[in-house]
Amino acid sequence: MSVETRTEPSVTAAQPADLIRLEQVTKRFGANTVLDHLDFAVRPGRHVTLIGPSGSGKTTILRLLMTLAKPDEGTITVDGEPLFPAPEKQVREVRKKIGMVFQHFNLFPNMSVLRNLTEAPVQVLGLSKDEAEERARELLELVGLADKCGARPAQLSGGQQQRVAIARALAMRPRVLLLDEVTSALDPELVAGVLDLLRDIARSTDITMLCVTHEMGFARDISDQVLMFDGGRVIESGPPEKIFSDPEQDRTREFLGAVL
Ligand SMILES: Nc1ncnc2c1ncn2[C@@H]1O[C@H](COP(=O)(O)OP(=O)(O)OP(=O)(O)O)[C@@H](O)[C@H]1O
Ligand SMILES: [Mg+2]
């Protein structure tokens, strides 16, 4: 029998199989240190929700993963490959594994719904137009908008636009889907439809989700793990039933008291 010697892992220690791994990531805007030697990791297929007060750096983390911003220090790896620091060519490859849906859908306004879904698969992944259209039609079916292929984004409701944005992200077949308060710009009566769609996707696919939301009921439903951010660090993490019902930290209790 072989004896394995290894150092005792800390709670946040990265595992080799992590899909996303941030190590000692620091991000500053001028004198404002938004992320302070942040460590966290997400295993494949997990649904992880980030919660925390406004300005605590949740969106900044997603923007770093989307390479819309760069850390000042630390390393980021996705699926074992460096995203930061990394040469530009590699960044482009690794980026293909990540899809993001924003609060404000950011659809291409001059393109049809169908073309919104086929543009990046054709341009970035090199799919043929026919393959991309087939994939797009399946996804529009999934999000309940098969009849809107020819519409322009402005002809759709906010909830429909957000469902197109989700389908557009999925059209790239990402390993991980980043969701930043995807329902917070919607009229209240449109929120449930979008959350139901995301629940469906979480249940029926093996996609990894990293989700920022103020919808605590939704977070409780879909998350395997909830991370509470404050002051640029994860101050507490655990399964939703623990974090929402019996948090360890006063700061978490105070935050949940204000939002629940
Ligand atoms: N481009 C930028 N330039 C300067 N400061 C920035 C920039 N982007 C974010 N910040 C600052 O970084 C901090 C974290 O912002 P971030 O958007 O990540 O917070 P958040 O947790 O997503 O908040 P919210 O819940 O309000 O969306 C804030 O203090 C914000 O003012
Ligand atoms: Mg934000």
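**Exercise 1.** Which residue follows H1, and is its phi positive or negative?

*Solution.* The residue is Thr67, with a positive phi near 55°. This is a predicted model: local features need pLDDT of at least 70, side-chain atom pairs count only at pLDDT 80 or more, and totals for chains, interfaces and linings use all residues. Residues are numbered from 1 along each chain as its sequence is written, chains are lettered from A and ligands numbered from 1 in the order in which they are written, and side-chain values use heavy atoms, with hydrogens and water left out. Helices (H or I, at least four residues) and strands (E, at least two) are DSSP runs, numbered from the N terminus.

**Exercise 2.** Which residues does the cis peptide bond join?

*Solution.* The bond joins Phe84 and Pro85, with omega about -15°. Pro85 belongs to the loop between strand S5 (81–84) and helix H2 (88–95).

**Exercise 3.** How many residues surround ligand 1, and which are closest?

*Solution.* Count the shell. Ligand 1 is surrounded by 13 residues, each with a heavy atom within 4 Å of the ligand. The closest are Ser54, Gly55, Lys58, Thr59 and Thr60.

Sort by class. The shell holds 3 nonpolar, 8 polar and 2 charged residues. Here Ala, Val, Leu, Ile, Met, Phe, Trp, Tyr, Cys and Pro count as nonpolar, Asp, Glu, Lys and Arg as charged, and the others, Gly among them, as polar.

Sort by element. Strand S2 (32–42) and helix H1 (58–65) each give at least two residues to the shell. H1 contributes the most, with 3 residues.

List polar contacts (pairs of N or O atoms within 3.5 Å; within protein, one must be able to donate a hydrogen and the other to accept it, and residues adjacent in sequence count only if both atoms are side-chain atoms). A side-chain N or O atom of Thr60 is 2.5 Å from an oxygen atom of ligand 1. A backbone N or O atom of Ser56 is 3.2 Å from a ligand oxygen. For a polar side-chain atom of Asn32, the distance to a ligand oxygen is 3.3 Å. Alone, ligand 1 exposes 640 Å², and the protein buries 58% of that. Accessible areas use the Shrake-Rupley method with a 1.4 Å probe; for residues, only the protein chains shown count as cover.

**Exercise 4.** Why is H1 described as largely enclosed?

*Solution.* Of the 8 residues of H1, 6 are buried, so the rest of the structure largely encloses H1. The buried ones are Lys58, Thr60, Ile61, Leu62, Leu64 and Leu65.

**Exercise 5.** How many aromatic pairs does the whole structure hold?

*Solution.* The search finds 1 aromatic pair. Phe40 and Phe229 form it edge-to-face, 6.4 Å centre to centre with 80° between the planes. The rule takes rings of Phe, Tyr and Trp (its six-membered ring) with centres within 6.5 Å; planes under 30 degrees apart are stacked, over 60 edge-to-face, the rest tilted. Phe40 is in strand S2 and Phe229 in strand S9 (residues 225–230), so the pair links distant parts of the chain, 189 residues apart. Phe40 is buried, at 5% relative accessibility. Phe229 is buried, at 0%.

**Exercise 6.** Which side chain makes a polar contact with Arg199, and what does Ser184 contact through its side chain?

*Solution.* Arg199 lies in helix H6. Arg199 is buried, at 19% relative accessible area. Its side chain contacts the side chain of Asp221 at 2.6 Å.

Ser184 lies in the loop between strand S7 (176–180) and helix H6 (188–204). Ser184 is partly exposed, at 40%. Its side chain meets that of Gln103 in a polar contact of 3.0 Å. A polar side-chain atom of Ser184 is also 3.0 Å from the backbone oxygen of Glu181.

Methods. Buried means under 20% relative accessible area, exposed over 50%, partly exposed in between (1.4 Å probe, protein chains only).
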